[in-house]
Amino acid sequence: MKKKRAVIVTLLAAAMVLSAVSAGFGASYFYGEVKPGSGPDTVLSAPKVTAKATGRTSIRLSWKRVKSAAGYVIYRSKGELKAGTYKKIKTITGGKTTSFTDKNCAKDSFYRYEVFAYRYKNGKKVYSQTASVKMAAGVMKPDAGAEPDSLESVLVYGHSSFADRLIFYRSADPDGPFTEIGEYTEAECSILDEEVSFGQCWYYRVKAVREIGGKTYSRVSDVVKAEVFNPFLQISVLDLNFPEEGKRDTFIYRLTSEKHNFPAVIYRNGSKEGEPFDYTYRGEKKTAFSTWESSTPVILTAYSTDGIHYMDMEDTYVLEPGKSVYLKFRSADKVTYYKDCRISLDISYRNGGKRVDSGCLRLEKNMPGSYSYDY
């Protein structure tokens, strides 16, 4: 029984080794006829391939001659971000041939290639390993984007694979005419357009330029827009704390967004993100012997949309136009005095995905408050 169990263990171990070998080689050998069986031929080296565009619809592949190779097999896949299905496009029956020009490319398209060397062993082809090489025929249509960076600037960015340079254009009308505002030689870059005014939409296009074989090819992006606006925020404040009802260490305020033209964001930790105490309670404390002014940090712990059901405050809360939110603060050191309470609350908003601090909202004791922010 022990001997039989040992045999089973040995067989299982052998199966695991074979599986590992298959996993190690199988990933590169699923391309139709390229099936070297137990693994790549150890005699053949993998071709070191380079690619160069020779026109808007052609790409030339070159490699060093592989010793003992009887020929080469070339596979191609289309797709820039993700490779598609590899298909065989050429079998070269000569080991001395070290180049191939693919003349059947689509205009301005991205391709990946793999080149296998092969030789004959026992009358059958065995193949080398390979590594992929990529290239674009022509020039890819650039991706473009634009977003306001401030009240007087727009961040414009573009990307095009293998472009020699990018040219940026701006217009006040989506139909043009467009004026050139900058040129760069990087394949991916951004430009800060500071010659704009707020209160208006601006439109941008990016041209990708590439020289191939003495000819210049260009593609222009779709039109993108960015609005530079004048942010305005008005929030009314209702103090829901009544010190005459008794001392407390929890304070509640209702904030209502009366008017704004952007999403207002309330930050749990105020202006210094990551620090726990950015809101301060200030008041007058009395004892039997003295009275003095004092202050203590308070924590924004919870919020509610109806003033009844409270939820734990996360990092941010977005206050939409015309909506209200109830904020609950709790003193950090559990003090219970309450008189002339003022809490400074940072209000910020998002502009083009970036946080912009818009100032400080002061919550006053026993009186309706308001906060306005207007550039």
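Contact here means heavy atoms within 4.5 Å. I worked from a predicted model.

Entry 1, W63. I listed the contacts of W63, leaving out residues up to four places away in sequence. W63 touches P47, K48, V49, Y72, I74, I92, T97, T98, S99, F100 and V115.

Entry 2, strand pairing around W63. Strand β1 covers residues 49–55 and strand β2 covers residues 58–63. The two run antiparallel and are joined by six bridges. I noted that β1 and β2 make a hairpin, with two residues between them.

I found β2 paired with β5 over four bridges, in the antiparallel sense. L61 has F100 in β5 as its bridge partner. F100 is also among the residues that W63 touches.

I traced an open sheet of three strands in the order β1-β2-β5, with antiparallel pairing. Its edge strands are β1 and β5 (99–102), each of which pairs on one side only.

Which residues touch the most other members of the largest nonpolar core? I found I59, L61 and W63, out of 40 residues in that core. The strand that gives the most to this core is β14 (residues 200–212), with five residues. I also noted a second, separate core of 16 residues, which includes V237, L255, V298 and Y303.

Terms used
Residues are numbered from 1 along each chain as its sequence is written. This is a predicted model: local features need pLDDT of at least 70, side-chain atom pairs count only at pLDDT 80 or more; totals for chains, interfaces and linings use all residues. Side-chain values use heavy atoms; hydrogens and water are left out. A nonpolar core is a set of buried Ala, Val, Leu, Ile, Met, Phe, Trp, Tyr and Cys residues joined through side-chain atoms within 4.5 Å. Buried means under 20% relative accessible area, exposed over 50%, partly exposed in between (1.4 Å probe, protein chains only). Two strands pair if DSSP finds at least two bridges between them.
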